[in-house]
Amino acid sequence: MHRVFETLVEQLSASVDAVDLHEAMASAAAGFDFPFFAYFTYPSASGDTPRLISNYPSSWTSHYLQLRYHSVDPVILRGLRGWDTFDWGVDRDHRYLPTSQQEVLEKSS
């Protein structure tokens, strides 16, 4: 695992565009046995388009962006609250989340 992280750092350092970043993230995700990854930058102004670099199916990412799920996605919202780590996964109890957030998680599974 240590080597996967080192390789990711090296690839990120050498990245010059979104294609390079996509390749680095996909390689790291595969190295950690994650089938998918998503790198999301939240728009700085409400009318701006978010930036999403991901290997999720384009049908899902297009749907996600079109319906502006990033505005209710509990993973995105939690990430915006700080830099600390947090637990997340499909096996977590999501009943305490608002209905809109539960819907995003259900549709993404």
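Let me start with a contact: Val-4, Leu-8, Gln-11, Leu-12 and Ala-14 of helix α1 touch Asp-20, Leu-21, Ala-24, Met-25, Ser-27, Ala-28 and Gly-31 of helix α2. Sorted by class, this contact of α1 with α2 holds 8 nonpolar residues, 3 polar ones and 1 charged one. Please keep in mind that the model is predicted.

How do we describe two packed helices? We give the angle between their axes and the distance between the axes. Here, α1 covers residues 2-14 and α2 covers residues 18-31. Their axes come within 9 Å and cross at roughly 175°. Angles over 145 degrees count as roughly antiparallel, so that is the description for α1 and α2.

Now the whole chain. The protein has 5 helices and 2 strands. Along the sequence, the pattern reads α-α-β-β-α-α-α. There are 109 residues in the protein, and buried residues make up 25% of them. The protein exposes about 7700 Å², with carbon and sulfur atoms supplying 56% of that area. If we take the contacts between residues at least 6 apart in sequence, 35% of them join residues at least 24 apart.

Next, the aromatic residues. How many aromatic pairs are there, when ring centres must lie within 6.5 Å? The count comes to 7. Take Trp-60 and Tyr-64: their ring centres are 5.8 Å apart and their planes stand at 65°. Planes over 60 degrees apart count as edge-to-face, so this pair is edge-to-face.

Where do these two residues sit? Both are in helix α3, residues 58-66. They are 4 residues apart, which is about one turn of the helix.

Trp-60 also pairs with Tyr-69. In that pair the centres are 5.9 Å apart and the planes are at 35°, which is a tilted arrangement.

Trp-60 has 17% relative accessibility, so Trp-60 counts as buried. Tyr-64 has 7% and is therefore buried. Tyr-69 has 6%, so Tyr-69 is buried too.

Which residues make up the aromatic cluster? Phe-40, Tyr-42, Trp-60, Tyr-64 and Tyr-69 form one cluster.

To recap: α1 and α2 are roughly antiparallel, and Trp-60 forms an edge-to-face pair with Tyr-64 and a tilted pair with Tyr-69.

Conventions: Residues are numbered from 1 along each chain as its sequence is written. This is a predicted model: local features need pLDDT of at least 70, side-chain atom pairs count only at pLDDT 80 or more; totals for chains, interfaces and linings use all residues. Side-chain values use heavy atoms; hydrogens and water are left out. Rings of Phe, Tyr and Trp (its six-membered ring) pair if their centres lie within 6.5 Å; planes under 30 degrees apart count as stacked, over 60 as edge-to-face and the rest as tilted. Buried means under 20% relative accessible area, exposed over 50%, partly exposed in between (1.4 Å probe, protein chains only). Contact means heavy atoms within 4.5 Å. Accessible areas come from the Shrake-Rupley method with a 1.4 Å probe; for residues, only the protein chains shown count as cover. Axes are lines fitted to C-alpha atoms, for helices over the stretch in contact, and angles run from 0 to 180 degrees between N-to-C directions. Angles under 35 degrees count as roughly parallel, over 145 as roughly antiparallel, 65 to 115 as roughly perpendicular and the rest as oblique. Ala, Val, Leu, Ile, Met, Phe, Trp, Tyr, Cys and Pro count as nonpolar, Asp, Glu, Lys and Arg as charged, and the others, Gly among them, as polar.
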